[in-house]
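Hi everyone, thanks for coming. Today I'd like to walk you through one protein model, taking it one piece at a time. Have a look at it first.

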Amino acid sequence: MPVRPAKPVAARPVVRPVAVPDEGVGVPCPACGTPNLPERRFCRRCAAELKPLAKAAPLPWWRTVWPFRRRVRASSGGVTRFLVILLVVLALCAGGFLLMPAGRALIEDTRDKLGKAKSVTPMSTEASASVPGHPAKNTTDGLSNRYWGAPSTGASVTYTFREPFRLVDVIITNGASKDPQKYALQARALQVELEVTAEDGTTHKKELTLSDKPGGQTIATGYSDVQKVRLVLRSAVGLAPGRHLALAEVEFFQRS
C-alpha cells in the first residue's frame with residue numbers, strides 16, 4: 001500500500017552552554033547571602049536589592065514638635081514653619097526688650113497712663129531753712145493760702161514717705177497763694193531741682209521749670225519705689241529786701 005511521504009520537520013536548535021562568570025567572590029546578598037559581583041544592583045539568586053538607599057538620619061529634637069515634625073517635599077508646609085519661626089524670634093526679641101531698663105520703663109509709663117492716680121501724703125517734711133511763721137509743713141496741709149517761706153535760693157525741702165510707691169505726678173503751687181492778688185506778694189522760684197531717692201538708695205534728678213503764674217502746675221515724673229523727694233529752689237523772681245521765696249503747696253500722686 002502506498003505511503004505518503006512525511007512532512008519535513010526543521011531541525012531543533014542546539015543550545016550551547018554559555019560560560020557564566022564565577023561569582024564565588026563578591027558582595028554577599030543581605031537577604032540570602034549569595035555572593036554577587038560589585039556592579040550588580042540585584043541578587044542573582046533572590047533578586048533582592050544589593051545597594052538599598054541609606055536610611056534617613058533621625059530628626060533633631062526641635063523637628064519633632066509640630067509643625068516641624070513632618071519630612072516635607074517640594075517646600076510643603078514651608079510657609080507655616082517660616083511664620084512659626086518668625087513669631088518665635090519676635091517673641092524672644094520682645095521678651096529681651098522688656099527685660100531691659102528701657103522696656104520696663106515703657107511698661108511702667110503705659111500703666112501710669114492707663115491707671116488712676118491718687119494722692120499720697122508724706123510722713124515727714126523737713127526744710128533746710130525757713131522764715132519765721134512759714135514752716136515747710138505748710139506745703140502739705142492742703143491749704144493754698146499758707147506757704148513755706150525760704151530766705152534765699154538754694155533752700156531745700158525734703159519729703160519722706162512711710163512706704164515706697166510709684167510716683168506718677170507732682171503738683172506744685174508756686175508763690176504765696178493761688179489767689180492772683182496774693183500770688184506776687186512774695187518772691188517765687190522759677191527753677192526747681194527735683195531729687196528722688198528710691199528704696200534701694202538710687203537717686204534720680206530732674207530740673208523743673210515753673211511758670212510765673214498762680215495755681216497748680218502738674219509735673220509728670222514716673223519713678224518707682226520712691227522713699228524720699230527733695231526740692232531745691234533756684235532762679236528766684238521778685239526777691240528783694242524784706243521779701244522771701246514762697247512755695248504754697250506740693251502734692252504727690254501715686255498709681256492706684
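**A walk through the strands**

Let's begin with Asp225, which is found in strand 9, residues 216–237. Before going on, please keep in mind that this is a predicted model. Asp225 has a phi near 55°, a positive value in a residue other than glycine. Asp225 is partly exposed, because its relative accessible area is 43%. Strand 9 also holds Ser235, and there phi is near 50°, again positive in a residue other than glycine. Ser235 counts as partly exposed, since its relative accessibility is 41%.

Now let's step back to the whole chain. How many helices and strands does the protein chain have? There are three helices and 10 strands. Read from the N terminus, the order is β-β-α-α-β-β-β-β-α-β-β-β-β. The protein chain has 256 residues, and buried ones make up 30% of them. Take the contacts with a separation of 6 or more: 63% of these are between residues 24 or more positions apart. The accessible surface comes to about 17200 Å², and 59% of that belongs to carbon and sulfur atoms.

Next, the charged side chains. Side chains of opposite charge can pair when their charged atoms come close. A search of the whole structure finds five salt bridges. One of them joins the side chains of Arg234 and Glu193, at 3.5 Å from N to O. This pair links distant parts of the chain, with Arg234 in strand 9 and Glu193 in strand 7, 41 residues apart. Are these two partners buried or exposed? Arg234 is partly exposed, because its relative accessible area is 34%. Glu193 is buried, because its value is 13%, and the cut-off for buried is under 20%.

Please find Glu195 now. Its side chain meets that of Lys205 in a salt bridge of 3.8 Å, N to O. Here Glu195 is in strand 7 and Lys205 is in strand 8, residues 203–209, 10 residues apart. Glu195 is buried, as its relative accessible area is 16%, whereas Lys205 counts as exposed at 57%. Glu195 also forms a salt bridge with Arg230, where the closest N and O atoms are 3.6 Å apart. That pair connects strand 7, with Glu195, to strand 9, with Arg230, across 35 residues of the chain. Arg230 counts as partly exposed because its relative accessibility is 28%. Put together, Glu195, Lys205 and Arg230 are linked in a network of salt bridges.

Staying with strand 7, let's look at Arg188, in the strand that runs over residues 188–198. Arg188 is buried, since its relative accessible area is 8%. What does its side chain reach? It reaches the backbone oxygen of Gln186, at 2.8 Å. There is also a polar contact of 3.1 Å between the side chains of Arg188 and Asp212. Leaving aside residues up to four places away in sequence, Arg188 touches several others, including Tyr183, Asp212, Arg243 and Leu245.

On to the aromatic rings. A pair of aromatic rings is described by the distance of the centres and the angle of the planes. The whole structure has three aromatic pairs. In one of them, the rings of Tyr159 and Phe252 have centres 5.0 Å apart and planes at 65°, so the pair is edge-to-face. Tyr159 is in strand 6, residues 156–174, and Phe252 is in strand 10, residues 245–255, which puts them 93 residues apart. Tyr159 counts as buried because its relative accessibility is 0%, and Phe252 counts as buried because its value is 1%. Phe252 also makes an edge-to-face pair with Phe161, 5.2 Å centre to centre and with 85° between the planes. Phe161, too, is in strand 6, 91 residues from Phe252 in strand 10. Tyr159, Phe161, Phe165 and Phe252 form one aromatic cluster.

Last stop: helix 1, residues 78–99, where you can find Phe82. Is Phe82 buried or exposed? Phe82 counts as exposed, because its relative accessibility is 53%. Together with Leu83, Leu86, Leu87 and Leu90, Phe82 makes a nonpolar surface patch of about 500 Å².

Notes:
Residues numbered from 1 in each chain as written. Predicted model: local features only at pLDDT ≥ 70, side-chain atom pairs only at ≥ 80, totals over all residues. Heavy atoms only, no water. Helix = DSSP H or I, 4+ residues; strand = E, 2+ residues; numbered from the N terminus. Buried < 20%, exposed > 50% of the residue type's maximum accessible area, 1.4 Å probe, protein only. Polar contact = N/O pair within 3.5 Å; in protein donor to acceptor, adjacent residues only side chain to side chain. Contact = heavy atoms within 4.5 Å. Patch = residues over 30% accessible without salt bridge, like charges linked within 9 Å, V, L, I, M, F, W, Y side chains within 5 Å. Areas by Shrake-Rupley, 256 points an atom, 1.4 Å probe, with all protein chains shown as cover. Salt bridge = Lys/Arg side-chain N within 4 Å of Asp/Glu carboxyl O. Phe/Tyr/Trp six-rings, centres within 6.5 Å; stacked < 30°, edge-to-face > 60°.
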